[in-house]
Amino acid sequence: MTGSAVPEGPLPLSLNQEFLCAYDKGDTDGAFGHLHTLAYGWRIRGPLDLATLQAALDDLVVRHETLRTSITRGEERSQRIHPPSPVELEVRELLAEPSGRDTRAEEFTNEIEAVPFPVTRLPHLRAVLGRFDDQDAVLVLVTHHSATDGWSMQVLMRDLTLCYAARRGNAPRELPPVGHYRDFTAWQHSDAAAAAVARPLAYWREQLAGAQILAVPTDVPKDPARPSAYAVHRFLIDRELTAATLAFAKSARSTPFMVLLAAYVAQLHRLTGEADIVVPTFTSGRFQREYADSVGPYFNFVALRVRLDGAATLRELLERVRKTCFDAYANDIPFSLVVPEVPQVVTQFAAADRAVVAFEVLQSPDALDETVVGDLTCTEIRRRTISQPVSCGIPDGGLWATDILPSGEMASSLKYDANLYDRASVEATAKEFRELLAELVGAPDSPVAGG
């Protein structure tokens, strides 16, 4: 497999990379820290050939330039694409009885996620294979988040299976054309892009006027000298409540994300008493179809403002959330363009006794729930329920994430800085959220303020 010629010299950063630079705390913390990573696990059943797997992993580095792109931070910011180099593939033996393998596979994914992966190491991809036997294994792919996003992880695994199958002589289909991240970056800096964002900028200037992203009180004050120490609390939302959530979303002409977000906004209102709430979330940021099959940090940070004044019931709150979301999606542009227009919106990031917590439902363009490639079957490990005291990090604050599973459940997680929040309070927050979600979908005419 061959790639296009490597461009000579430095290239400008994308707008999202510029946004990440605002949270640069060095090589061990923040946006470029050694735990600002993504780790996804897949169960591989069948006779996996290690030499072919290594070659297919290396194919990914040729195909996707961001995996071999370094970023220069500081005053003179730029990115530089390097020639392909081999992916680190580590193989470990896993011990577990057949009945305990699913649990051990999830534990193994957690263990690999907790291992630092420096941003200075190229390529920005490592693979760890845990083998139960020669027919059953767990493959964990780890990337640095400054080079990829959650959507990218699905693209990588899809491409890996196709590259592996092609090298074995049984590829089910051709790889789609890939748009390079450097071309996306160049478009962002073009006159065409500037013209395209003029109307959305006016929307955000009005929508976020006088608003601040709401930060949540911490259990312990921040200490600038103390590095982040991220943990994650994971929990399941059962089939009954998941089914009720999906049915209610459909009846309210909303997405499941909107219903979940409405429950979270109500929780924030009851916690803080605020009636003007701005919650950050993420979109895929893939504004052009030609980049749907490429790898890079396309994700976009979006600030959703919901005013609760006059909303008496949870149902009325959902209507406001719904309108806010649709308007925001219609005006989705890089957040680094928005901030200069409304600089006060990020003020609470600096609060000593608060932390900003983002909220998202995971986006998956092509999840490998059960993909058969030749004599292999690949299944993503999405039903993750085991909490962990050390996890991959985020640049700042906290992160709610929910994945709607094929099993009819929802896997949810709350990532938090263990130096700022006690585990017990995080678990209580998750319990309260589940209860409020049940209230929203079961008794939507209940008062927003509770009681």
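Modeller: Let's start with one word: a residue is called buried when its relative accessible area is under 20%. Keep in mind that we're looking at a predicted model.

Biologist: Okay, so is C21 buried or exposed?

Modeller: C21 has a relative accessibility of 7%, so it counts as buried. C378 is buried too, because its relative accessible area is 3%.

Biologist: Both of those are cysteines. How many disulfides are there?

Modeller: First, the idea: a disulfide is a covalent bond between the sulfur atoms of two cysteines. For the call, the two sulfurs must be within 2.5 Å. Here the count is zero.

Biologist: Now the inside. Which residues have the most contacts in the largest nonpolar core?

Modeller: Think of a core as buried nonpolar side chains linked to each other. The largest one here holds 77 residues, and I213, L261, Y264, L317, F359, W400 and L437 have the most contacts inside it. Helix α9, residues 256–272, contributes the most to this core, with eleven residues.

Biologist: Can we zoom in on I213? Which residues is I213 in contact with, beyond its neighbours within four places in sequence?

Modeller: With those neighbours left aside, the list for I213 is V278, P280, F301, A303, F335, V345, Q348, F349 and V356. There's also a second, separate core of 27 residues, with A56, M153, V155 and L156 among them.

Biologist: How do I find the empty spots?

Modeller: Rolling a probe the size of a water molecule over the atoms shows where empty space is left. In this model, the search gives seven cavities of 30 Å³ or more.

Biologist: What lines the largest cavity?

Modeller: This cavity has a volume of about 1,000 Å³. Its lining takes in 47 residues, and L38, E360, L362, L399 and A401 lie nearest the centre. Several elements each supply at least two lining residues, including α1 (15–21), α4 (150–168), β8 (230–237) and β14 (398–404). Sort the lining by class and you get 22 nonpolar, 15 polar and ten charged residues.

Biologist: And the second largest cavity: which residues line it?

Modeller: That one is about 90 Å³, and its lining is I44, L48, L53, L139, M157, L160, T161, Y164, V373, L376 and C378. Both α4 and β13 give two or more residues to this lining, and α4 has the largest share, with four. By class, the lining of the second largest cavity has ten nonpolar residues, one polar and no charged.

Biologist: What about spaces that are open? How much space lies in the largest pocket?

Modeller: A pocket is open, while the probe can't get out of a cavity. The largest pocket here contains about 390 Å³ of space. It is lined by 15 residues, of which D102, E380, I381, R382 and R383 are the closest to its centre.

Biologist: Which element gives the largest share of that pocket's lining?

Modeller: That's α3, with four residues. β1 (37–45), α3 (101–113) and β13 (376–380) each supply at least two. By class, the pocket lining has four nonpolar, three polar and eight charged residues.

Definitions and conventions
Residues are numbered from 1 along each chain as its sequence is written. This is a predicted model: local features need pLDDT of at least 70, side-chain atom pairs count only at pLDDT 80 or more; totals for chains, interfaces and linings use all residues. Side-chain values use heavy atoms; hydrogens and water are left out. Buried means under 20% relative accessible area, exposed over 50%, partly exposed in between (1.4 Å probe, protein chains only). On a 1 Å grid over the protein atoms alone, a cavity is a set of points where a 1.4 Å probe fits but cannot get out, and a pocket is an open set with protein on both sides within 12 Å along at least five of seven lines; lining residues have an atom within 4 Å of a point. Grid points are joined across faces, edges and corners, and a volume is the space filled by probe spheres set on the points. Ala, Val, Leu, Ile, Met, Phe, Trp, Tyr, Cys and Pro count as nonpolar, Asp, Glu, Lys and Arg as charged, and the others, Gly among them, as polar. A nonpolar core is a set of buried Ala, Val, Leu, Ile, Met, Phe, Trp, Tyr and Cys residues joined through side-chain atoms within 4.5 Å. Contact means heavy atoms within 4.5 Å.
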